[in-house]
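Hi everyone, thanks for coming. I'd like to walk you through one model today, so please have a look at it with me.

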Amino acid sequence: MSVIKKEKGIVIALDVKDVHSALALAREFSTLQGNFAIKVGRPLEMQAGYKIIPAIKEASQLPVIYDGKIADIPYISSSIARIAYEAGADAVIVHGFVGKDVIKSILDLNMGDVIVVISMSHQGSAQYIDLVAKNMADMVNALEVNGVVLPATKPKLTSSLASILKEEVYILSPGIKAQGADVGDAIKAGADYEIIGRAIYNSLNPKQKAEEFYKKVREV
Ligand code: 3DU
C-alpha cells in the first residue's frame, strides 16, 4: 500500500533559496485544503542537511517526498534512502536508468514509497533517457514500485507510458508553467499529480496559488 494516494493532486516542489522561507512556506501550506504533498530536493538538502525533512514535515503537516534523484550503486542508494525515510520522508525518488538492483535495494528497505524517474521534462532527456523510457516502465511493472515521474512537457510520451503502467502506480509530473506546460496538461496525459515549484513559491500568494492550481487539476 502506498503512502501517497493515487488521486489527483499537487506536489509542491519547495526549491527555495533559504531555509527560513522554506519553513515559513511550509507553515502556510499546513492549512491547504485538498490533496497536496511537498517535495524536498537537493537545493534545500544542500543548505540544511537531511534534518530539513522532519522540519518541513512538521511545519506543513503534509506528506514529504525526498527528491534526491538517487542514482548510485545499491549500497549507497539504499543508504541515502534510509537516511531520508528515517528522517520522516514518506517517499523517495530514484532514477530508473540505474537499473533494477538499485530500485530493489530501496524497495527492500520497506520504509516508504519508492518513486522512479522514467523520463524527464528537459530537452536533454531525449538524448539518452527517453530512448529507454519504455524499458524502464516495463521494469517498474515487474517491481512493487509505488510511483513514477513522467514529464508534463511531453504529453505523448507520458500518455503512452501511463497506459502501460500497472493500475496502482501513481504518476507525478513536473514541467508546469516555468518549464512550459500548463496546469492540467499532465493530468490530461494520465498523471495523478502535477509537480509545481516556481509558479507557486515565486507567486505573491503561494498558498492561494497552490489552491488555484489544485482546483484546475481537479476539474480536468
Ligand atoms: O520547474 P518548477 O520550478 O515547477 O520545478 C520542477 C520540479 O520538478 C523541480 O523540483 C525539479 O527538480 C523537478 N523535476 C523536474 O523539473 C523535471 C523532471 O524530469 C524531474 C523532476
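Let's start with strand 4. Ala 91, Ile 93 and His 95 point one way from this strand, Val 92 and Val 94 point the other way, and all are buried. By buried I mean 20 or more other C-beta atoms within 10 Å of a residue's own, with 12 or fewer being exposed, anything in between partly exposed, and the C-beta atoms placed from the backbone.

A word on the ground rules. This is a predicted model, where local features need pLDDT of at least 70 and side-chain atom pairs count only at pLDDT 80 or more, while totals for chains, interfaces and linings use all residues. Residues are numbered from 1 along each chain as its sequence is written. Helices (H or I, at least four residues) and strands (E, at least two) are DSSP runs, numbered from the N terminus.

So who sits beside strand 4? Strand 3, residues 64-70, runs parallel to strand 4, and 3 bridges join them. Tyr 66, for instance, has Val 92 in strand 4 as its bridge partner. Strands pair if DSSP finds at least two bridges between them.

Now zoom out: there is a closed barrel of 8 strands, in the order 1-2-3-4-5-6-7-8, with parallel pairing. From one strand to the next, the twist averages 25°. Strand 1 (residues 9-13) and strand 8 (residues 193-196) run parallel and are joined by 4 bridges. Here Ile 10 has Glu 194 in strand 8 as its bridge partner.

Next, the helices. Helix 1, residues 19-29, packs against helix 10, residues 206-219, at an angle of about 50° with the axes 9 Å apart. The axes are lines fitted to C-alpha atoms, for helices over the stretch in contact, and angles run from 0 to 180 degrees between N-to-C directions. Helix 1 and helix 10 are therefore oblique to each other; under 35 degrees counts as roughly parallel, over 145 as roughly antiparallel, 65 to 115 as roughly perpendicular and the rest as oblique. Leu 25, Glu 28 and Phe 29 in helix 1 meet Pro 206, Lys 207 and Ala 210 in helix 10. Contact here means C-beta atoms, placed from the backbone, within 7 Å.

Last stop: Ser 125, in the loop between strand 5 (113-117) and helix 6 (133-141). Ser 125 counts as partly exposed because it has 18 C-beta neighbours inside 10 Å. Thanks, everyone!

Technical notes. Contact = placed C-beta atoms within 7 Å.
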